[in-house]
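This report goes through one protein chain, part by part. The sequence and the structure are shown first, and the description follows.

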Amino acid sequence: GLTKGQIINDNYTTPTVYDVYDNLSVSRNSVYVIQPTGILDYFLKGDSGSVSVNENNQVVLLNYAFTELHFTLATSITRIASKLGITILDSTQLTL
């Protein structure tokens, strides 16, 4: 089944530290913070690039990091799509 979590902040500012790049720190704003529900971890090392879906099974967030307190950090998929100049279809937009 799906891993479940709850958004507890939708406008967080935080540095992200990348250990694979000699602890490079990148400041990020407009970050979503997801708290796991019913489990210890919503996101684990290696899950970067996974997505979060809403109750309608629509992609809403791109997950990219986690904290020592087991919170997941994510960016709005609409923000990413806008920056990349792409459209992400959901099930209501598909025609066969």
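## An aromatic pair across the chain

F66 is partly exposed, with a relative accessible area of 42%; partly exposed stands between buried, under 20% relative accessible area, and exposed, over 50% (1.4 Å probe, protein chains only). This is a predicted model, in which local features need pLDDT of at least 70 and side-chain atom pairs count only at pLDDT 80 or more, while totals for chains, interfaces and linings use all residues. Residues are numbered from 1 along each chain as its sequence is written, and side-chain values use heavy atoms, with hydrogens and water left out.

A pair of aromatic rings is described by the distance of the centres and the angle of the planes. Rings of Phe, Tyr and Trp (its six-membered ring) pair if their centres lie within 6.5 Å; planes under 30 degrees apart count as stacked, over 60 as edge-to-face and the rest as tilted. The count by this rule is two aromatic pairs. In one, Y18 and Y21 are arranged edge-to-face, at 6.5 Å centre to centre and with 65 degrees between the planes. Y18 is partly exposed at 23% relative accessible area, whereas Y21 is exposed at 56%.

The pair of F43 and F66 is tilted, with 5.9 Å from centre to centre and 50 degrees between the planes. It links distant parts of the chain: F43 is in the loop between β2 and β3 (51-53) and F66 in strand β4, 23 residues apart. F43 counts as buried, at 3% relative accessibility.

## Overall layout

The order of the elements from the N terminus on is β-β-β-β-β-α. The C-alpha trace spans about 45 × 35 × 25 Å along its principal axes.

Of the 96 residues, 24% count as buried. The chain exposes about 7000 Å², of which carbon and sulfur atoms supply 52%; accessible areas come from the Shrake-Rupley method with a 1.4 Å probe, and for residues only the protein chains shown count as cover. Contact means heavy atoms within 4.5 Å. Among contacts between residues at least 6 apart in sequence, 39% join residues at least 24 apart.

## Nonpolar cores

In soluble globular proteins, nonpolar side chains tend to be buried together. A nonpolar core is a set of buried Ala, Val, Leu, Ile, Met, Phe, Trp, Tyr and Cys residues joined through side-chain atoms within 4.5 Å. Which residues make up the largest nonpolar core? There are six: V31, V33, Y64, A65, F71 and L73. Strands β2 (24-36) and β4 (59-66) each supply at least two residues of this core. A second, separate core has five residues, including I34, Y42, F43 and L61.

Leaving aside neighbours within four places in sequence, L73 is in contact with T14, V31, Y32, V33, L62, N63, Y64, A65 and T67. T72 is found in strand β5 (residues 72-76). T72 is buried, with a relative accessible area of 0%. Not counting residues up to four places away in sequence, T72 touches Y32, V33, I34, Y42, F43, N63, A65 and F66.

## A salt bridge between loops

A salt bridge is a side-chain nitrogen of Lys or Arg within 4 Å of a carboxyl oxygen of Asp or Glu. One is counted by this rule: the side chains of K45 and D19 meet at 3.4 Å, N to O. K45 lies in the loop between β2 and β3 and D19 in the loop between β1 (5-18) and β2, so the pair ties together parts that are 26 residues apart in sequence. K45 is exposed, with a relative accessible area of 64%, while D19 is partly exposed at 49%.

## A nonpolar surface patch

Patches are made of residues with over 30% relative accessible area and no salt bridge; like charges are joined within 9 Å, and nonpolar side chains (Val, Leu, Ile, Met, Phe, Trp, Tyr) within 5 Å. V51, V59, L84, I86 and I88 form a nonpolar patch on the surface, and together they have about 400 Å² of accessible area.

I86 lies in the segment after α1 (77-84) and is partly exposed, at 42% relative accessible area. I88 also has its place in the segment after α1, and I88 is partly exposed at 38%. Between I88 and Q6 there are 82 residues in sequence and 23 Å in space, C-alpha to C-alpha.

Note on methods:
Helices (H or I, at least four residues) and strands (E, at least two) are DSSP runs, numbered from the N terminus.
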